[in-house]
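This report describes a structure for a reader who has not seen it before. The sequence and the coordinates come first, and the description follows.

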There are 2 protein chains.
Amino acid sequence: MDPDLTALDAFLDEQGVDGYLVHADSTDSTQYYLSGFDAPDPFVTLYDGDVRLFFLRSLEFGRAKREARAESVERGIDYGYAAYSEEYGPREATYRSLADFLDAHGVDSVAAPPRFPLHAADGLRDLDVSVTVDPEDTVSDIRAVKTDEEVDNVREAQLANEAAMHAAEDLIADAVVEDGILHHDGEPLTSEAVKTEIEVTLLRHGCALDETIVACGADAADPHDRGSGPLEAGEPIIIDIFPQDKATKYHADMTRTFCKGEPDERVREWYDLTEEAYRAALDAVEPGATGADVHDAACDVYEDAGEPTLRSDEGTETGFIHSTGHGVGLDVHEGPSLAPSGEELQPGHVVTIEPGLYDPAVGGVRIEDLVVVTEDGYENLTDYRVELTV
Amino acid sequence: MDPDLTALDAFLDEQGVDGYLVHADSTDSTQYYLSGFDAPDPFVTLYDGDVRLFFLRSLEFGRAKREARAESVERGIDYGYAAYSEEYGPREATYRSLADFLDAHGVDSVAAPPRFPLHAADGLRDLDVSVTVDPEDTVSDIRAVKTDEEVDNVREAQLANEAAMHAAEDLIADAVVEDGILHHDGEPLTSEAVKTEIEVTLLRHGCALDETIVACGADAADPHDRGSGPLEAGEPIIIDIFPQDKATKYHADMTRTFCKGEPDERVREWYDLTEEAYRAALDAVEPGATGADVHDAACDVYEDAGEPTLRSDEGTETGFIHSTGHGVGLDVHEGPSLAPSGEELQPGHVVTIEPGLYDPAVGGVRIEDLVVVTEDGYENLTDYRVELTV
């Protein structure tokens, strides 16, 4: 994929700086997006109209020359690293050879993404290279608008996600209830066992993932609790899966809440209300609407029903205590944000819609789909029914 | 685990700063180590003799109060975030509420790890908080020396690693050769299929992993090529597995090189030479020796046999083109380094010993064990035979 960096050119012009500098390993999605190179240790990418990679060590040099989407791939030893190291020590040599590399490309001033490492910024500044933060994280904004190829990458990851969700739902559906606890093959069915089933399914579909959430009862009351221990009948079980396709590095994201058997009345009410909030938020998705509009649509439903939200009470620890959604791509959490600060939606934005309610006394309920904003609304990339009881 | 932060106290004293500040999500191992809290989005940890967590958003607040190893868990809204946001916008509000949090704890000056995000450093500096880089990455040095509990965590991950390596070796051993290509169940046996087998085995042993290397022939000539396509008989196949235990977050790391059938003479020579370098490097591991000594031991073997190393030719792209090893812990690559700059080894250092030879015309060979430095030498944490042909 060849990213469209017009907006980055415009940003550099507007700031009056010579280049954009990234210093990170490829788990930093801006690094991967700009360089097209996947490496586990930090390296430098300069964008000065062309993409140029700079490595301190030789280890990745050969592969970078073959694989990176770059005009040039260069090394510290090409810019006096060895001599600098002898004279100033290895750390100072890093900054001096990097500064010489920049100088060789006529770059005296760079903008850098917000999380650019302080040591490199200070090291370059001490050598009279101007380093300013790009507070808008311009490449993130570029990344947020997906090409058709990127949307297809997300779609592919979402297919794996649906297979994994089916595997999890089947485990719960097939479980037998003994003493209020789900059992499978005579053993208590645990959160951990369901996660392993999910993760093995994802691996077999070419996806990796850092974590999965299978959280039951009080665990589910915390949106980021991963869950543990035996699953209970009659309690809401939140399953949130966010795999990364290993080939493309694009993510998907989906949540369903299941209950084995009949939930109590409160959970049923919460679920129906959350489904209403989810549909209201989906209805609000279209180009020109803001992320804040979509978030407000979900908050309206909850607040009308008397549930607290962060909008009605910024300190609340129960109710709807997170934003309505976020962008998904190379990062599982990226722009745009469907939150009070959420900017205008554009065609190509891929976002989650995921309202939920939480209270340690009740548990948690969340429903999450993944959609892409289109010219006239949105396309839902999620093909999975919305149903509480299994 | 309660980390021993004596060295951090000494560093802060020596620098004359009030605290140590980390701003990262918990994939940053220094953040996880200091805070004891696992969260996917960046948060702030202040160490001022006590560990204090600071969150801008409420989402993780409840869980952090329960799970973090912290004296206090605080929030932006407790430090005027909302009012600042109205007056200055959300970005500036971040820095102002963070500065107020620091001020409330009597902290005017902080040191920060090398990769501290530039935006936060500049934001705080603009508010007259002194932010200096800790160039030695003091917490990394502390992390490099493992407690018995941490060594046991690595040991546990290594057991999973060995199970996965056996699964991979068995696939290769059981493969049938047709037209020079390994076959399994009538299909060509690919690098991808072996990786999936490895990863599923690791998952079933409670481990996750980002990547695995199963690289054959020319792919193997590049130490970080992950490999793809059908595996070939008579060619060296490098398998490098570096799982992370999901419960503890500690890693293991091991490499073996296999050949289905007889390799050509050159590969055999390379293997035997690499085994000799590996044994020489292992023999050099003891407290008081430096990482450079261990690296030199491996380089000596290669150079005596006429193979280029980065020590003999810093620009070489073939031969022994990486360092001899690295620390392993919460990060798969951490201190100490077994390289020309490698510092003194101490009991509790967990390091890989992994010499190798590479040439696109031949392929690659690498042997890697994981050892812990003890009071009088080392203990090898790896229990896996060293044998090329399967």
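## A salt bridge in chain B

In this predicted model, B:R311 and B:E303 are joined by a salt bridge between their side chains, with N and O 2.9 Å apart. B:R311 has a relative accessible area of 35% and is partly exposed. B:E303 is partly exposed as well, at 26% relative accessibility.

## Two further pairs in chain B

A salt bridge also links B:R366 with B:E354, and their closest N and O atoms lie 3.8 Å apart. B:R366 is buried, with a relative accessible area of 3%. B:E354 counts as buried at 9% relative accessibility.

Another pair lies within one helix. B:R125 forms a salt bridge with B:D122, where the closest N and O atoms are 3.9 Å apart. The two residues are three residues apart in helix α6 of chain B, so about one helical turn separates them. B:R125 is partly exposed at 25% relative accessibility. B:D122 has 17% relative accessibility and therefore counts as buried, since the cut-off is under 20%.

## Where chain B meets chain A

The contact between the chains involves 51 residues of chain B and 51 residues of chain A. The size of an interface is often given as the accessible area lost when the parts come together. For chain B and chain A the buried area is about 4500 Å², with 48% of it on carbon and sulfur atoms.

Twelve salt bridges are counted between chain B and chain A. One of them involves B:R125, whose side chain meets that of A:D122 with an N to O distance of 2.8 Å. The interface of chain B and chain A also has 24 residue pairs in polar contact, counting pairs with both residues at pLDDT 80 or more. On the side of chain B that touches chain A, at least two residues each come from β1 (19-24), α3 (61-67), α6 (118-125), β6 (130-133) and α9 (191-204) of chain B. The largest share of that side is supplied by α3(B), with six residues. Sorted by class, the side of chain B that touches chain A has 22 charged, 20 nonpolar and nine polar residues.

## Salt bridges over all chains

Over all chains, the structure holds 59 salt bridges. Salt bridges with shared partners join A:D38, A:K249, B:E211 and B:R226 into one network.

## Chain A as a whole

Chain A contains eleven helices and 21 strands. Along the principal axes, its C-alpha atoms fill a box of roughly 75 × 45 × 35 Å. Chain A has 390 residues, and 58% of them count as buried. Among the contacts in chain A with a separation of 6 or more, 63% are between residues 24 or more positions apart.

## The two domains of chain A

How is chain A divided? Domain 1 covers residues 6-143 and domain 2 covers residues 145-380. The centres of domain 1 and domain 2 of chain A, taken over C-alpha atoms, are 37 Å apart. Eight residues from domain 1 of chain A and nine residues from domain 2 of chain A take part in the contact.

The area buried between domain 1 and domain 2 of chain A is about 720 Å², and carbon and sulfur atoms give 37% of this. In domain 1 of chain A, the residues that lose the most area to domain 2 are A:S29, A:Y32 and A:R143, which together account for 62% of what that side buries.

Three salt bridges are counted between domain 1 and domain 2 of chain A. A:R143 forms a salt bridge with A:E334, with the closest N and O atoms 2.8 Å apart. Seven residue pairs are in polar contact between the two domains of chain A, both residues being at pLDDT 80 or more. On the side of domain 1 of chain A that touches domain 2, α2 (29-35) and α7 (138-144) of chain A each supply at least two residues. By class, this side of domain 1 has three nonpolar, two polar and three charged residues.

How values were computed. Residues are numbered from 1 along each chain as its sequence is written. Chains are lettered from A and ligands numbered from 1 in the order in which they are written. This is a predicted model: local features need pLDDT of at least 70, side-chain atom pairs count only at pLDDT 80 or more; totals for chains, interfaces and linings use all residues. Side-chain values use heavy atoms; hydrogens and water are left out. Contact means heavy atoms within 4.5 Å. Buried area is the accessible area (1.4 Å probe) that two parts lose on being put together, summed over both. A salt bridge is a side-chain nitrogen of Lys or Arg within 4 Å of a carboxyl oxygen of Asp or Glu. A polar contact is a pair of N or O atoms within 3.5 Å; within protein, one must be able to donate a hydrogen and the other to accept it, and residues adjacent in sequence count only if both atoms are side-chain atoms. Helices (H or I, at least four residues) and strands (E, at least two) are DSSP runs, numbered from the N terminus. Ala, Val, Leu, Ile, Met, Phe, Trp, Tyr, Cys and Pro count as nonpolar, Asp, Glu, Lys and Arg as charged, and the others, Gly among them, as polar. Buried means under 20% relative accessible area, exposed over 50%, partly exposed in between (1.4 Å probe, protein chains only). Domain bounds come from an automatic or database domain assignment.
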